[in-house]
Amino acid sequence: MTKDSAALAPGLDLRALAGEAHRVDDEIRAMRAAFVEAHAEEIYAELTDGRTRYLRIDELVRAAALAFPGLVPSEEQMAAERSRPQAEKEGREIDQGIFLRGILRAPKAGPHLLDAMLRPTARAQRLLPEFLETGVVRMEAVRLERRDGVAHLTLCRDDCLNAEDAQQVDDMETAVDLVLLDPSVRVGLLRGGVMSHPRYLGRRVFCAGINLKKLSSGDIPLVDFLLRRETGYIQKIFRGLLTDDSWHSRFTDKPWMAAVDSFAIGGGTQLLLVFDHVLAASDAYLSLPAAKEGIIPGVSNFRLSRIAGPRVARQVILGGRKLKADEPDARAIVDEVVPPEEMDAAIDSALARLDGEAVAANRRMVNLAEEPPEEFRRYLAEFALQQALRIYGADVIGKVGRFAVGSR
């Protein structure tokens, strides 16, 4: 062996060891996936006392870590993961994705878990007396005001163009719960606030999508952001709040309207797909930059084909096509387009049209026909794992690291 080849040998050994470690990890995950698939109902029944307790997704994975060591990462392991940037994590959320895919696929456990996510949050219940009395709740990412039976939700992250993170998800779910719990609210409206960001100073912006800086720094979790967002407040807007208050319906639901100023990027466009009426300024645009960022755009892959057609969906999701609000293909998502200066008047008119008992009943039936709960559950089960794999992809880590520098 030459001196040069001897110097290379340690590097070759390290690569071999890394490959062997990857192979072992893959085998363990395959066994874990098979175990959860085979025993999901029994595991879930054990964790929920025979489905008599409703555990949210974050509570479920913590309970599983205690009851079945090694099945999902422990709280100590997850705490260590949370302290690291995305590029330095060990990918333990993939194991959470394996577990949740198995649970969500199970015909009894899956629906029960989704029902748990549709119940009011403890935070909303604490804030409800204040909101009922004052009609105002101000949170870090969302401002909620009740005026004449309309709940105005304003996204108010003015410094980052309403980019989404875990705080925004928590605030939005709290606000949606309060809207649905307040009997004096008849309609909900979501709009972006006025920005202090230098590129859009003094202008309203709807939403810039996922906060790439937070993703790069490791602060966009699978459970508390990516899955909570889809199964929590977005599903509550679409399906309603599970209250079991009346034999008329298990759900408390209300009509919702979105008003889009400037743009709805990524998660902003995802949101629009569950609203009953979408109004946009004529200079606004929509996009789902999944190909650019490398992740899955939530439930848009499930919903957009149905709403806009499969070719447009592929162009937007796979090709990164932007839709101008006033172009024909955007009209599958946007119901009404007006000049920016006419937005306020158009909002008032649209809200009046949504305010009625027949509207509430019919939107419930339309939503049930368009998106049966079982189809949503099947999609979400696979999404839980595939999104976990994507956020640890080398391409994603490289891209978000570049996007995060000096970006929104």
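**Rings and neighbours**

Student: Is Tyr200 buried or exposed?
Tutor: Its relative accessible area is 14%. Buried means under 20%, exposed over 50% and partly exposed in between, using a 1.4 Å probe and protein chains only, so Tyr200 counts as buried. This is a predicted model, where local features need pLDDT of at least 70 and side-chain atom pairs pLDDT 80 or more, while totals for chains, interfaces and linings use all residues. Residues are numbered from 1 along each chain as its sequence is written, and side-chain values use heavy atoms, without hydrogens or water; the label for Tyr200 is buried.

Student: How many aromatic pairs are there?
Tutor: Rings of Phe, Tyr and Trp (its six-membered ring) pair if their centres lie within 6.5 Å; planes under 30 degrees apart are stacked, over 60 edge-to-face and the rest tilted. By this rule, the count is 5.

Student: Why is the pair of Tyr200 and Phe263 edge-to-face?
Tutor: The two ring centres are 5.2 Å apart. The pair is edge-to-face because the planes meet at 80°.

Student: How many residues apart in sequence are the parts that this pair ties together?
Tutor: Tyr200 lies in the loop between β4 (187-192) and α8 (212-216), and Phe263 in strand β8 (residues 263-265). Helices (H or I, at least four residues) and strands (E, at least two) are DSSP runs, numbered from the N terminus. The parts tied together are therefore separated by 63 residues.

Student: Which residues do ring pairs link into a cluster?
Tutor: One member, Phe263, is buried, with a relative accessible area of 3%. The cluster is made of Tyr200, Phe263 and Tyr285.
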